Every structure is written in structure tokens, then in C-alpha cells.
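Have a look at the structure first, then try each task before reading its solution.

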Amino acid sequence: MRAGGVLFWEMFDEFFMWSIIVGVITFAWMAHHSLRYRSKDGSDDNVDNFTPGVFPAENDDIRLELTWTIIPFILIVYLTYISWGPLDEVWSEDEGAVDIRITGSQWSWDFDCGDLDADLCEVTPIDVEGKSKKKLSLKAGQAYTFILTSDDVTHAPFFVDWGIKEDAQPGLETGMYYTPSTDEIGSHLLLCTEYCGSEHGYMTAVIEVHA
Amino acid sequence: MFRALKNPRTLALLTILLLAVAIAPAAQSLPTGISGVEQSGCNCHGSVSSDVIPTLEGLPDEIVPGETYTLNVSFTGGPSGTNADPNALGGFHLWVSAGTLAPTDDKVKSNPDGSLTHYGESEFDVGQGNDQTLWVVNWTAPESGGAKFILHTNSVNGDGTESGDMYGKATFKLGEQEEEVRGLVVLMSAILLMVVITLGCIVWIFYRRDPDAFAWERFWPWLSEWLTSTDHKRVGTLYFINGLFFLGIGGLFALIFRIQLASPGNDFLTVEEYNQFFTMHGTTMIFLAAMPMIAGLANWIVPLQIGAADLALPRLNALAFWLNPAAAILIFSGVMTGDAADTGWTGYAPYVVSHTAHSGATLWVAGQILLVASSTIAGINFMTTFATMRAPGMGWMQMPLFSWSIFISVLMLFISIPAFGIGLVQVLLDRTIGTVFYEVAAGGDPLLWSHLFWYFGHPEVYVVVVPSFGIISDVLSTSARRTIFGYKSMVYAMAGIGILSFIVYGHHMFTSGMDPTLRFVTMLTTMLVAVPTGIKVFNWLQTMHGGSLVYRTHTLWALGFLVTFTLGGISGMYFPSIAMDLHLHETYFVVAHFHYVFVGGTVFGLFAGIYYWFPKATGRMLNEKLGILHFITAFTTFNMIFWPMHRLGIQGMMRRQHTYFLTTDAYGALPPEAADWNMMITVAAFLFFASNLILVYNMISSGLRGAKAPADPWGGWSLEWTTSSPPPTPSHDPNNLPVLDMSLHEHDEDAEPGFIGRMIERMMIPAETEEVSK
């Protein structure tokens, strides 16, 4: 199981392709210019006649400058456009979602299933690297709304394999929405990703998705 | 070799080294230290469990030297108790720091490192010692001193797989113990060593500059002249030494916590130490290393470059500097207590005001307030200098790009830092006299600090990188023997970055629970940052077109900067896309990105600046061979450290965490090879640290003995190259200021200030000076 979730990888692959294109253009250009226009014998060939105290001759070309203002601008408009689409999916509840309240406190997670069936939501203890943590069992295909808050300082549950996280703030309720798919059946780690003190690195839980 | 020994200096050095070795405390690394329990000989399988309790019977109360004791190794708990397979019950691994261990029968065997384990070739063998829960061994005590035993026992369920197996670990100590290496002790010793080396260098420089006239009576007058100076060059040097010193300390923090992260489940640092170390690494690097180094370079070069005799307010300049060491002492007194701030460099409230935050956080906040004051004063000073002290003939649009970058950087800092200052004062009051600005229970807003901090924090990261843009512009243009391509668009791009920096900070808070509208708006604005940055990169590339690039050390650093900064810029494009940021936020992908920008951008730019302006500042050329060696080693090791972090971040390794988890049967986490990548990063980090010592050595040795530098060694055009190397004091004669020769632009309307230029002039300089004095 690779970390990040479906949505992340769709976006990442697209961005990665553009990164490669931009990177290749920039580095090929740089390699070409830095080798092609080097001083062949190491001697100082003062092309633009630099003289101390004299403001040098101009070197610009408005058409070129506009080219690399407008083309990157078009690219980022496109990238913004494709980043815009998934926001709905990230920020809205799926149909038939049930609520699970997650409360962070130094340094453990509390999952409150309310009156949901054990099939939909169940909390059991599990051993993570020698420390007793909680395991939250969820059902694949069921939409969930996680309502987050904190008892003391800021925490942030991070569902590593689903690529979502949101801060759990004291005095504030924040939300996260996810529907685990049948591809995600198995055990996943949940980490705390907002620094919260001594045991921050060990503030873990296990999320198990079953059919 | 023996001839070298006759040299008194070599002899003295060797004697000092021998003495140091003799008095150094006998220290020993934990067997579980660097490589973790799994690799240290215990092939334990399954998961660690507190249910499995190892026992070691037969240890004496007092050791009789040389005596042989018979010990019973055993354990209780775990699945062995209910195991149906009597041939596979468990195993053990016993290590001792002193004395010799020996098996008593064929159930136990010796390992090459002297430790003992149960007999058996593979971890799932049956019989041969796996069928026991009690093993008998002999231990011969050492001739002197105590000993420490580390025992692992494995409780097995006998199904032939790892799942369900458990292991436990116990430590037994006898007699006098040798000291164990502790991260904090290593750090303190290293800091002390650095202070001693720095003081030693100062004395050595004092001696070397005129060996014949050396007398201790002259030392203090010489030093106090430096300490009380208001000359921009001397203050600049002080800033620079301050910055380099803390660059080293910040690096030490990183090295120590990289040892902790070299393998999963490591216990080299306690969680408390680890949290302090990454906090202090960030704080030191940004506020005590990068900012002073930039201020140092700006102090040195700006007045020379714009043709001024000094900065506008020299005494304030010295004050701004001296607030820095004061702040450093405040912040580090927290470190010395062993209870330094553990809040992360962002110091998020409400954690920073909670009772669980370390007491050193109060000192951290107090020190930061002094730094805010220092930055504010320096900002006023530089803006005044730029507005009023440009040489005759130099309009705003004729300033060299390094000066422009400093102007934009201090402007950003000056406008953003009050927000940070206010937040810090509130936190200080909360922590000391019990106000409740950030106490959520009393109605405090949990997001207030994040807003105040990032309103400052985002411009701040541009404050430290924009000066490097200026350095690279000057260096690349001079090296390519071409005027910088698109001077005006370079200035407008920097100004654009400066303006954008204030409206993008929300991208640090995409997962904070901030209003989605604000998240969406900052997503759009953050994307825009790529446009001015792109203009700058392409302009730099085009500058080389048609030129005659002379390869010097600073040229290499500038090209290196272009590579790393472009990579850092590209990885930055992943964050404004909110759906991706939800995964990437707080992972090592972020760490990789900002180190590519901070180190690959700011620090590489500063290195280019050092190699470029060092001859001007000291009148001595730096050694080019050492410079090239420095570039090659630092550039390679830098990429070895930070490139793999992209991958680790995407795989879900989180920053600011004491350890990381590899995938086990119980849950999915990082893939097993993540441990190898981390080990490589740690090794590369040590190499990177070491390679930068080449620069320090080069600066000191070339500064004293290098070849004499001409006034304009690289053929640059700006006004600093019209002065002698090193420049006189005052830097330019106030009664005979240099005039910027605009003869190549006689028919150019732009030589006159344009509309914006005129508006700025009107705002900043009164048209009639007499009117003000009335």
C-alpha cells in the first residue's frame, strides 16, 4: 500500500510530468549556455565593456521577457484549474456519511463511535512498537465524516495511506471526509502531524479497514 | 614524517591533541545506539512488548575481579507460555560491556563480537536451544571497573512466522559505570569547543597580522576597537562571524538529531532532547545564522555599492548588531539548562503557552523579541541609507541588483516583523505573568498565533532568499561579462515577490481549520509566486547568452544555486494545490523543499557572495583550488541529504517526530528501505558539515596569507570595485563622492527617475532640506 491516496496520486502524476518538462527545459538551457558561452581559454573577454563606476549598456529584450512571463502564467493557470476540481471532494461530505468524533489530547487519540454498529466503527487496543495504542476498525465503502477537536493543544490526525490530515484545535471543530474503498482493506497507520510536545512522535493509532 | 616532527608547531599541535585525548572522558556509545536493537546482534522478531520480562540471575552484588560467575538467562511472559510446539519456545541475546561471556553447553553459542545467543542458524530453527526458556552461561568479571549487561529475550509462538512473536529488553548494571554518550553532552562539548576555537582564531589573527610587534598589552585595545566600532565594514565582519559561528552550531544540532534518525526506533536522544534539538536547529539557522550573515554582507557591500561613506545611522547599526549576540545568549541559556524551547521554530500557540512546553521557551521568546528589535532598527537604517545616500547619478533604477535585493528584503522585514513582535510579547506575557491571550479556555483564538506568525513567517523566508537573488545577479553578470539580462524586469520581479509574500501566507495553514474561502484565495495567490520567480531564473539563464563565462569559484556556486533553487522552486509548486498539500503538509517533502530553498538558495547564494566579495573585503584572494573542492563536496553531499527526503516525505515520513515506523504485520507504514535512506542521509549530513569547514579554513588562511587582490579582480562595474581592496575608511570620501557614469545612457529617458521613482523620492526625501530644519 503506498501512502497518499488516489486523489493525491492523480494530481501528483500530473504535476510531476510538468515538473519534468520545466526541469528539462531549464537544465538543458543552463547546460547549453554555461558551456557554449564559456570563456574558451579562461581569458577575460569583456563582452559588455564593464568599467568600474560606469553603468553598463542595456541588455534586454521585451519580447523574450514577456514570453517567459506569459507562458509560465498560462501553465500555472492550468495547474490552478486542475487543483481546483478536487476541492469539492476534499471539503464535502459523501452521501450517507456517518460521524466519528476524534479528540486529540497529549498524547493519545480518542475515537468516539457514538451509537454506530461495531461493523461500521469499533475501537480496540493494539500494540504499536511496544506501546498500547487504539485501533479503529472501519468498513470499506462506507462514507465517514471525522469531526476533530482537541482537549489541550493543537494536534492533527494524519491518515497516511489516504493522504488526508486536518488540525484538531482546542475550542474549534474541524472536519475531514473520507470513504475508504475496498482496495484499502488492511491496516494503516495514523500519526499526529502538528507538533504537540514530548510524545508527539509516538501519538499513533491504527486504522483497520475491513470488507 | 620525522622531519615534520622536528617542526615545533607540529610538535605543539600533537602535544595538545595527546593531552586532549588523555583528559577526554572515557565515553562509550550504547550498543543500541546507532543501529538500533534489530541490527545490534539481536535478531529479535515480532514486536516489542512489555509483557516479555527478561531476567538475569546469578549476578554478584560486588564484583570480584577475574572471578567467573554462572548466570541464568531466562524470561517470563509472551506467547511461549501457551505455545504448543515445545521445540520453538524462545531465544535470547546477551551483550556485556566488560569481562568475557562463555557458553556452558551446546544450547548457547558465542557471536564474533563476544555476545552470546541461543544456538541455531536461522531465527525459525527448532530445537538446538530454541526449545528452552532458560539458558546457563558463564561470565568472567573484568580486572577492574563495572559492567553493563543488555539482554534481549524473544518469546515465540512456534508457528514459524514472525506474527504474534514478542520480545523484551532489559539492562543490568554492576559496579561503577562508564559514562554513556548523551546528545546534550555532545552538543555542549561541541559548543564549548567552537567557542574555544573561535577565541583561538581571534588571538591567532591578532598575532599573524603583525608577528614582530606582537604584545599582549596591544590585544585588548585592538579587540575593543573592533567591539566598539560603528564602521559599517567592521560591524559587517562582526555580523558575519556571528552568523558563521551559529551556522556551525545549527549544523551541530542537525548532526546530533540525524544520528537519532539514522535508524528507526533509535534511542540516542530522548524525546525531550530531540524536540529541543530540531527547535533550536530551525531557530538558530534562520534567526542566528542566515539573518546575521545576510546583514553582514549587506553591511559590507551596500554602502560601497551605492557610493556612500557609511550607512546612514552607524550607531544604530552597531546597536542592531549587538542585539544579536545578546539574543543568542538569552536563547542559548535555555539550551544550557537542558530544557530549551521545544516548540518548533514556528512556536505554535496554544502549545507554546501550555504547561507542557519547556521552561526554555520563555527564554526563546525573550531572545526573539530582541531579534525583532534588531531587525526593525536595521530596517530603518538600510531604508534611510538607500533613500538618501545613493551616489550622484544613481537613481533608483541604477542601483546594482544586490542593493535592490537588500532594499526589498529589509522593506519586507520591516513591514512584516511587527506582527511577530506583537505575538511574541503576548506569548511572553502569557508565560510569565499569566495573561490569557492564547488560553483557549478563556476565549483565546487557537489560530491567532498561526496568523500572526505566518504573516511574518512567509515574508521572512523571502527576506532570507531575496538577497541571494541579488548576489547571484551580480555574480553571474560579472562572470558572464554581460549586463544582467532584463535589469528592469529583475527589479520588478523582486518587488512582485515582495508584494506577493504578504498575501500568500495562508498556504502554511491549509490544514489548520482556517476558513475555506481564505484557503482558496491563498491557493490562487501562492500559485502566482511562480511567475516572478520564473522570470528571474530565465533572466539569469539568458544573461549567459552571448557572454564569455569565466569559471571561478563564485561562478560555480552561482550555477549550483540555479540548479538547487530551481529544484526547490519546482517542488514548491506542489504545495499550493490543496488536495496534494493535505498529504504533503508536515512531511519530509516539505523539509526537502525548504532546505532546497534555504540551503540551495540562501546559503549557496551567500557562499557565492563570500567567494565574490572576499578579495574586496580583505584585500586577499581566496584559494581557488580549495574553493572548487568546497563546491564539489558541498554540492554533492547537499543533494545526497535532501533529495531522498522528497521520496521519504511522499511515503509518509513526518517531520518533528522522534522516530519513524516501518511496515510490520500489524499495520502499513514506511517501506523497509526507508531505514537505509535515512542512514545515507545521516552519513551525507556529516560529510556536508565537514565540507563547509574547508570554507572556514580557506577564509582564515587566505585572509592572512593569500595573494594580494587588485581593486577589481573579477572585472565588475559597480561602485565597490572603484575603491581599493580592502576599502579605506570612510568607504567613499564624503567630500568627494563617486559619480555613477551614465554616459552609455545619455539619450535614455529612464536615467531620470520615472513616475514611481519620483513618488518614492517625494515620500522619502523632502524637496527642500531647509524646510525640515525650520
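A contact here means heavy atoms within 4.5 Å. This is a predicted model, in which local features need pLDDT of at least 70, side-chain atom pairs count only at pLDDT 80 or more, and totals for chains, interfaces and linings use all residues. Residues are numbered from 1 along each chain as its sequence is written, and chains are lettered from A in the order in which they are written.

**Exercise 1.** Describe the contacts and the overall dimensions of chain A.

Step 1: take the contacts in chain A between residues at least 6 apart in sequence; 62% of them join residues at least 24 apart.
Step 2: turn to the radius of gyration, taken over C-alpha atoms, with a globule rule of 2.2 Å times the number of residues to the power 0.38. For 211 residues a compact globule would come out near 17 Å, but chain A has 26 Å.
Step 3: along the principal axes, the C-alpha atoms of chain A fill a box of roughly 80 × 40 × 35 Å.

**Exercise 2.** Work out the strand order of the open sheet in chain A, and find its edges.

Step 1: list the elements, where helices (H or I, at least four residues) and strands (E, at least two) are DSSP runs numbered from the N terminus. Chain A has 3 helices and 10 strands.
Step 2: pair the strands, which requires that DSSP finds at least two bridges between them. Six strands then form an open sheet in the order β3-β4-β10-β9-β6-β7 of chain A, with mixed pairing.
Step 3: β3 (121-128) and β7 (164-165) of chain A each have a single partner strand, so one side of each is left without a neighbour in the sheet.
Step 4: zoom in on one pair. Strands β4 (131-139) and β10 (205-210) of chain A run parallel, joined by 5 bridges, and A:K139 stands opposite A:H210.

**Exercise 3.** Which residues stand opposite B:M166 in the neighbouring strands?

Step 1: β11 (166-174) of chain B pairs in the parallel sense with β2 (47-48) of chain B over 2 bridges; there, B:S47 stands opposite B:M166.
Step 2: β10 (147-155) of chain B runs antiparallel to β11 of chain B, with 9 bridges; there, B:S155 stands opposite B:M166.

**Exercise 4.** Is B:H745 buried or exposed?

Step 1: locate B:H745 in the loop between α19 (674-705) and α20 (755-764) of chain B.
Step 2: apply the cut-offs: buried is under 20% relative accessible area, exposed over 50%, partly exposed in between (1.4 Å probe, protein chains only). At 6% relative accessibility, B:H745 counts as buried.

Technical notes
Side-chain values use heavy atoms; hydrogens and water are left out.
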